[in-house]
Amino acid sequence: MELDFGVKHGQMLDLKQKKKEWASRVFAEPIQLAEEEKNKLPFSNIEDPAVEAVLYTNLHSRDSEVSLRLIGAQVSRFRQAIAAVRQAILRREHEVASARTRIEMMDRVNAAEPNPKLHYPPQVYEEILARIAVTAKECSYLRQHKPMLEALEKLLNIFDNASIRRSDEQLLRLFAQAYRGQLRIKAFEKQFPLELEPLLAESSFNGRTISLGDNRILLEGKTYSYLCHLLESIEIMLDLSASYLASQEVIEEKHWFPLFATLRAIVELFYICNFELPYFYDELMIDENQVYRFDKVMARWVPQEESQDTLQYSKRICIEAATLLAQKPELLECENADDVSKLLKGIELKDVPSDTERKSLRHYPTFGLVEFDFNPAAQRSKMQQAFSLVKLLIDQVVSCESSNFPLLSSGLAGSPCEELVALAEFDWRAFGLKSEPASLAGMQRNRLLSRFWRTVSRRRAISMLGENYNRKVTAAMEAIGEPGPENPTFLSIVLKPTMSNIAQARGEVLSDPLTGLMIADRLRLGEMLQITWKIAAQFLDRLKDVHSQGKLKRVIEGLPQSIKEHQEEIASRFNTKWLQSQSRVWSIIRALLPTVWDFWVKVREGTTWQDNLVKLQPLNALNLLVKLFCEVARMLLILEISGTVIEKLETDAEGAAQTILSSIHNYLEGTPMPAQLAEAINYYYDPEERFDAWLGFTSAFKLHLQQMLSDYRKINADKQLIEALSSLSSQLELLYPSTKKVTTAVLSVKKPSSVPTTEAIPITESAGLCFARVFFEILGLQESDTIMFLKLLSMLSRKSTEHFINCPESLHSLICELLPQQYQRLLLFGFPKATNSFLNYIRSMEDKHLDALRMRSLDYFTKLAAYADAAIEITSQLPTILSKDREVLNQFLTSTTTKGEVSYLFLIVCETLVIDICATTAERGHQLETATAKINSYIKTLKSSGEVPEVELFPIGGGRIVRESSSKIIVTGQNESFEITFTEPDKAMSNYLLSRICSIKASFISRVLHEEFPQTSFSVVF
């Protein structure tokens, strides 16, 4: 049966005023958070009304940014909590089983013992049964959350991947939407605990059933209450807006509430229903990982296979993980099973069903009525509008609770949803007014609609309110000479409409980067970009079916014909005056788009740009094309910032950048990125922005602009040119603020990055002396400790870790004073990425903080030791040569071909030595990256439950194995991908370290090869 909801008696007047205050707060004009405030995302203290308001008014944070700040910065901690809960479940299962066995043994003793005084008394049975009951309820409570923990773990696994696909980005964005929906409902429950009470009848589901055409969905009681709350808030503001409109001649710019707040509330209602609303499928159930669909013909539940490539599966994973983080964050604070026990003691478990009472099947959860057609092959998402479904939902809610919505139920515009759309058009009849007020007369209504949609259109798409509404508002805005609202991707946000206001508030002056460019030239430029992108789109579309260099070569050979078809169009639009123009605009374009400029000039002149392209090796040609296409996307972004409208373009800047990267990833299909491509991709996409390709693109562009500004200032370039570039850089930062400042607790064991830096640096003599101090004095090690010897030298050879060793004497002394135990110092230097935050913290501290930090450090290193033990235990299972590499090396050694060679690379994984083999000449330059991926992939197969964090790798160099003949195999030093080098090898310490490295490596490779291939004779020459 369905639920009946009623307002708590005596609360109506207070509730109405409270709703008015709530609406004025959360539906205020959208804001942009300062960077320090953005670092506090994602709204952890949602019970604070001010924080709740930010949840609604901050529309600038991208979905991927919220996910990264929530999950990305806490991967290790969340994995630790998941492992703790699993251990707690196992412990309770064991306790219950042991207690039941004990009762069985007691029964046997009582039955066999003739002396009644030696029988176990009833109170002993009662105590054991009472403990079983409590433990069973605790176990049942934890098992209820097990699906959520498993869903979160699947999201955490994304962060293990070296390369990120669009499907991963989509998953993180969906998670952020699900999480915000949970937070909205949670805040509503805290702010309005007495607003609506469910009057429950017997029901198999604690909520409402809503019919959406041929399908039905289930809404929990609190979700249904929240929808009613939103609609009642709109009802209250509608009444206020009617009085406001009737009393005003003109709506001033500074006024937002109640008129614009009403429209904001309507738009937000549609957005929530489209993207964030949590609900359940009526005809789908799930038990563990088995899905069941109700077969109406057979009248029973039948198993159904669940594919992980579907949107349905992605949404389930996201909503379950989001529910856990939003509703039960305390579970994720547990570091071990004892913490879980402490948590359970503070939870009321009387309503928790025991395992025998708990239903195994549960309703299949999901969220958001909008559907995405995701094409894994093309790595693209296409959204299906959900206006008709939202209409059905709203109409049913209002109809069921018509007494609470007298204005929306009036029928003036038709259905309740149509009433809302009419209100969103600022139709005076929808406000219940008897005649058109002066505030909406003439062009006033159009100006009001324009003001609102200029503020929110790139953050809340107008298309959510239906195509009819879109056409009407667009026509209204065009009637006053303004372009219609922009349509966002629903995953991006841009603040162009309010950018000038924000800049003024900061005291900044932002100028159009294309100021001075004539309208005719803007049109020519835009048309040339359209043509160039059309060529790019055709090529990228063909690239998705390419999976070999041979086919890539054939596709590239087809480009000249495609370019020739558009040559005349480009030539007719290219103005020869641009070539010699010294205008700063053309200087900017020539400087920012050198590849595009060269392409246009040569195509216009009829020279063979495309023919030269065909002469290149396929990967080199693709590298050049990536540069061309990415510069087109950069120019599109510049035009968007300048406000230049380009009609008939199939994509915007973000769409172009996403298409380029997804096409490249699809072509590679998970294989390591060749050096030729990595060079261009890492230049145009910041590799540190792994989970949002567009932010990676804008971040790299900002860096390029900053470098250009630095160069131009050095050569005293034209002041106006520098100001234009500076303005462009400022506007990019304003639109897409940097997201790299992710704050984490200082004393937390961080999960290492999955891919270490490959940028090696030579070791100076002074750095070598610092190494000796650390190795022999601080760590108290001997020359025989070769593994640690090489690990420290590997750290000293990489920019990301050399500061651990090459640091001031004062820091060495501070480390010794703060960490008196040798095992602590070994952990500090042995796991650099996990302890980097700790080292940075003690670098900045003063002596007066030492006493306070000592106890915290002890606890920190105790946890770190547990992490290290787990990592060492699992990496000790690694073979010295991975099985596939051993096969490659064996085939090489036994080949009948006269000559050949392979490259080998040493890596230390915790305490284990691993040798990677590379047989491909083209991949030697990036062997470290491929070796890292292979080792991490192998480690994943060793993890039985996923509780062990990923480990760090330390490259120490390698060399080549050369086959001169079947009987002559020579092993040499020097690896192309990574090698420990010295700036002054003739100096005493450098010479000593270099000789020790060569000696150890020669000993290692000689021993391993003779053990692995005893029938083969090797000559080791270093």
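**Figure 1. Phe 426 sits in the loop between helix 14 and helix 15 (444-456).** Helices (H or I, at least four residues) and strands (E, at least two) are DSSP runs, numbered from the N terminus. This is a predicted model, in which local features need pLDDT of at least 70 and side-chain atom pairs count only at pLDDT 80 or more, while totals for chains, interfaces and linings use all residues. Residues are numbered from 1 along each chain as its sequence is written, and side-chain values use heavy atoms, with hydrogens and water left out. Phe 426 is not a glycine, yet its phi is positive, near 60 degrees. Its relative accessible area is 1%, so Phe 426 counts as buried. Here buried means under 20% relative accessible area, exposed means over 50%, and partly exposed lies in between (1.4 Å probe, protein chains only).

**Figure 2. Gln 974 also has a positive phi without being a glycine, at about 75 degrees.** Most residues other than glycine have a negative phi, and most peptide bonds are trans. Look for Gln 974 in the loop between strand 14 (968-973) and helix 39 (988-1012). With 54% relative accessibility, Gln 974 is classed as exposed.

**Figure 3. The peptide bond between Phe 257 and Pro 258 is cis, with omega at about 5 degrees.** Pro 258 belongs to the loop that links helix 9 (221-247) to helix 10.

**Figure 4. Helix 13 (residues 387-400) packs against helix 14 (residues 416-424) at an angle of about 110 degrees, with the axes 7 Å apart.** The two helices are therefore roughly perpendicular. Angles of 65 to 115 degrees get that name; those under 35 count as roughly parallel, those over 145 as roughly antiparallel, and the rest as oblique. Axes are lines fitted to C-alpha atoms, for helices over the stretch in contact, and angles run from 0 to 180 degrees between N-to-C directions. Helix 13 brings Phe 387, Lys 391, Ile 394, Asp 395 and Val 398 to the contact, and helix 14 brings Pro 416, Cys 417, Glu 418, Leu 420 and Val 421. Contact means heavy atoms within 4.5 Å. By class, the contact of helix 13 with helix 14 has 7 nonpolar, no polar and 3 charged residues. Ala, Val, Leu, Ile, Met, Phe, Trp, Tyr, Cys and Pro count as nonpolar, Asp, Glu, Lys and Arg as charged, and the others, Gly among them, as polar.

**Figure 5. Helix 25 (residues 618-642) and helix 27 (residues 675-684) cross at roughly 10 degrees, their axes coming within 8 Å.** This pair is therefore roughly parallel. From helix 25, the residues that meet helix 27 include Leu 619, Leu 622, Val 626, Cys 630 and Arg 634. Among their partners in helix 27 are Leu 677, Ala 680, Ile 681 and Tyr 684. The contact of helix 25 with helix 27 divides into 9 nonpolar, 3 polar and 4 charged residues.

**Figure 6. Phe 27, Phe 175, Leu 393 and Tyr 469 touch the most other members of the largest nonpolar core, which has 132 residues.** A nonpolar core is a set of buried Ala, Val, Leu, Ile, Met, Phe, Trp, Tyr and Cys residues joined through side-chain atoms within 4.5 Å. The largest share of the 132-residue core is that of helix 10 (residues 259-276), with 13 residues. Leaving aside residues up to four places away in sequence, Tyr 469 touches Leu 263, Val 421, Ala 424, Glu 425, Leu 449, Trp 453 and Ile 462. Another core lies apart from it, with 82 residues that include Leu 796, Phe 804, Ala 834 and Ile 939.

**Figure 7. In helix 31 (residues 786-796), 10 of the 11 residues are buried.** Among these buried residues are Ile 787, Phe 789, Lys 791, Ser 794 and Leu 796.

**Figure 8. Thr 764 lies in the loop between helix 29 (719-735) and helix 30 (765-778).** The C-alpha atoms of Thr 764 and Phe 982 are 6.0 Å apart, although 218 residues separate them along the chain. Thr 764 also touches Thr 983, Glu 984 and Ser 990, not counting residues up to four places away in sequence. Its relative accessibility of 30% makes Thr 764 partly exposed.

**Figure 9. Cys 228 has its closest cysteine sulfur in Cys 400, 8.7 Å away, which is too far for a bond.** A disulfide is a pair of cysteine sulfur atoms within 2.5 Å, and the whole structure has 0 of them. Cys 228 is buried, at 2% relative accessible area.
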